[in-house]
Amino acid sequence: MPDTLDLAVEGITAVVWATGYRRRHPWLHLPVLDRDGELVHRGGATAVPRPYAVGRPPVRRRDATLIDGVGEDARHVVEQLVGAARGAVRGRAA
């Protein structure tokens, strides 16, 4: 099993990562964590393009940390991703 993966070479444009209940990210080598190791995001979007989060504090709705309540936050993130993808396609066509 490889230790690294070049997403662009492999044609991978999206990754869905379900981390469970532990909020530890030693594998995440991006400037998206605060000094306590918590993921920093606003409405699911991080300061780095493309990493998004749902069900993680701070949440948009109180029930978003529950499996049956995360749907609205997930829908919001998908809308952001679709909007970004449409913008990228428009940008290439110009």
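This is a chat about a predicted model of one protein chain.

Reader: Hi! What should I know about the numbering and the model before I start?

Author: Welcome! Residues are numbered from 1 along each chain as its sequence is written.

Reader: Thanks! How many helices and strands does the chain have?

Author: The chain has 2 helices and 0 strands. Helix H1 covers 7-10, and helix H2 covers residues 71-93.

Reader: And what share of the residues counts as buried?

Author: Of the 94 residues, 17% are buried. Buried means under 20% relative accessible area, exposed means over 50%, and partly exposed is in between (1.4 Å probe, protein chains only).

Reader: Changing topic, how many salt bridges are there?

Author: The search of the whole structure finds 1. A salt bridge here is a side-chain nitrogen of Lys or Arg within 4 Å of a carboxyl oxygen of Asp or Glu. The side chains of Arg75 and Glu72 form it, at 3.0 Å from N to O.

Reader: Why might two such side chains pair up?

Author: Side chains of opposite charge can pair when their charged atoms come close. Arg75 and Glu72 are 3 residues apart in helix H2, which means about one helical turn separates them. Arg75 is partly exposed at 46% relative accessible area, and Glu72 is also partly exposed, at 35%.

Reader: Nice. What about Val77, is that residue buried or exposed?

Author: Val77 sits in helix H2 and is buried, with 8% relative accessibility. Beyond residues up to four places away in sequence, Val77 touches Gly43, Gly44, Tyr52, Ala53 and Val54, where contact means heavy atoms within 4.5 Å.

Reader: Which residues does Gln80 contact, leaving aside its neighbours within four places in sequence?

Author: Those are Gly43, Ala45 and Tyr52. Gln80 also belongs to helix H2, and at 23% relative accessibility this residue is partly exposed.

Reader: Last one: which residues line the largest cavity?

Author: The lining is His41, Gly43, Gly44, Ala53, Val54, Pro58, Val59, Arg60, Asp73 and Val77. On a 1 Å grid over the protein atoms alone, a cavity is a set of points where a 1.4 Å probe fits but cannot get out, and lining residues have an atom within 4 Å of a point. The lining divides into 5 nonpolar, 3 polar and 2 charged residues. Here Ala, Val, Leu, Ile, Met, Phe, Trp, Tyr, Cys and Pro count as nonpolar, Asp, Glu, Lys and Arg as charged, and the others, Gly among them, as polar.

Key: This is a predicted model: local features need pLDDT of at least 70, side-chain atom pairs count only at pLDDT 80 or more; totals for chains, interfaces and linings use all residues. Side-chain values use heavy atoms; hydrogens and water are left out. Helices (H or I, at least four residues) and strands (E, at least two) are DSSP runs, numbered from the N terminus. On a 1 Å grid over the protein atoms alone, a cavity is a set of points where a 1.4 Å probe fits but cannot get out, and a pocket is an open set with protein on both sides within 12 Å along at least five of seven lines; lining residues have an atom within 4 Å of a point.
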